[in-house]
Amino acid sequence: MEDLQQVGRVHAGERDPLRVVVADDSEEQRLLLKALLTSSGFQVVGEVADGEAAIGAVRTARPDIALLDLSMPGTDGLAAARMIKAEWPQTRVVMLSSHLAAEAESLALEAGVDVYLEKGIDFPELVTTLERLGAQSGPDLDLPRRKPRPAPAQSDEFVSFVAHELRTPVAVIEGFATALA
């Protein structure tokens with residue numbers, strides 16, 4: 001926990017906290033992200049379960065960063081990202097997804113997402129990425145790109161589906177375990 005607080009202190013001491021809207025259809029994931037981001041010096045100004053609500057939260061709260069899940073009911077993260085970037089281009093959009101396919105990252109970047117991250121990312125790395133993202137202006141971001149995992153073979157479609165469904169709860173468990181440690 002000390003590592004998480006140390007990462008957050010650097011951010012919190014320099015300027016007002018970065019304001020973040022969290023959109024994920026998993027209530028547990030939203031709870032985890034809110035707890036970890038708040039303890040790291042961020043201000044969570046909205047927690048929503050779908051893309052349409054994310055657009056509304058950005059419209060109302062005008063956050064620095066919108067942290068969106070890719071797969072949400074109704075308006076998904078890609079559609080929400082397009083609308084957010086069209087209406088509020090200064091808002092940084094981070095896609096946090098459990099999709100493994102390299103094509104998901106390409107689709108996200110085409111939709112205007114500033115950074116695509118896989119769920120299960122090391123939390124201090126997420127905090128550092130969000131801080132760097134919030135500190136930069138302009139279209140050219142100086143952020144490290146993680147090499148995406150390759151798309152599974154078509155014959156592995158069922159295994160890919162199961163892995164996607166298990167990744168979110170496993171990421172939540174890992175996140176709370178990290179926070180408790």
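Two strands count as paired if DSSP finds at least two bridges between them. With that criterion, strand 1 (19-23) and strand 2 (43-48) run parallel and are joined by five bridges. Helices (H or I, at least four residues) and strands (E, at least two) are DSSP runs, numbered from the N terminus.

Before I continue, some remarks on conventions. The model is predicted: local features need pLDDT of at least 70, side-chain atom pairs count only at pLDDT 80 or more, and totals for chains, interfaces and linings use all residues. Residues are numbered from 1 along each chain as its sequence is written, and side-chain values use heavy atoms, with hydrogens and water left out.

Let me turn to the overall layout. The chain holds seven helices and five strands, and along the sequence these follow the pattern α-β-α-β-α-β-α-β-α-β-α-α. In what order do the five strands form the sheet? The order is 2-1-3-4-5, the sheet is open, and the pairing is parallel. Strand 2 and strand 5 (115-118) are the edge strands, each pairing on one side only. From one strand to the next, the twist averages 20°; such angles run from 0 to 180 degrees between N-to-C directions, with axes as lines fitted to C-alpha atoms, for helices over the stretch in contact.

Next, the individual pairings. Strand 4 and strand 5 pair in the parallel sense over four bridges, and the bridge partner of S97 in strand 5 is E118. Four of the five residues of strand 1 are buried, so this strand is largely enclosed by the rest of the structure. Here buried means under 20% relative accessible area, exposed means over 50%, and partly exposed lies in between (1.4 Å probe, protein chains only).

For the chain as a whole, buried residues make up 46% of the 181 residues. The chain exposes about 9300 Å², of which carbon and sulfur atoms supply 54%; accessible areas come from the Shrake-Rupley method with a 1.4 Å probe, and for residues only the protein chains shown count as cover. Contact means heavy atoms within 4.5 Å. Among contacts between residues at least 6 apart in sequence, 68% join residues at least 24 apart.

I come now to the interior. A nonpolar core is a set of buried Ala, Val, Leu, Ile, Met, Phe, Trp, Tyr and Cys residues joined through side-chain atoms within 4.5 Å. Which members of the largest core touch the most other members? They are L68, A81, I84, V93 and M95, in a core of 23 residues. Strand 1, helix 3 (51-61), strand 3, helix 4, strand 4 (92-97) and helix 5 (102-110) each supply at least two residues of this core. Another core lies apart from it, with 21 residues, among them V115, L126, L130 and L133.

L68 shows how these elements meet: leaving aside neighbours within four places in sequence, its contacts include A23, A54, A81, I84, V93 and M95. Helix 4 lies across strand 3 and strand 4, running at about 175° to strand 4.

G51 itself lies in helix 3 and is buried, with a relative accessible area of 0%. Beyond four places in sequence, G51 is in contact with M72, P73, T75, D76 and A80.

L18, between helix 1 (2-14) and strand 1, counts as buried at 0% relative accessibility. L18 and F42 are 24 residues apart in sequence and 5.2 Å apart in space, C-alpha to C-alpha. H99, between strand 4 and helix 5, is partly exposed, with a relative accessible area of 26%. R62, between helix 3 and strand 3, counts as partly exposed at 49% relative accessibility. The phi of R62 is near 50°, a positive value in a residue other than glycine.
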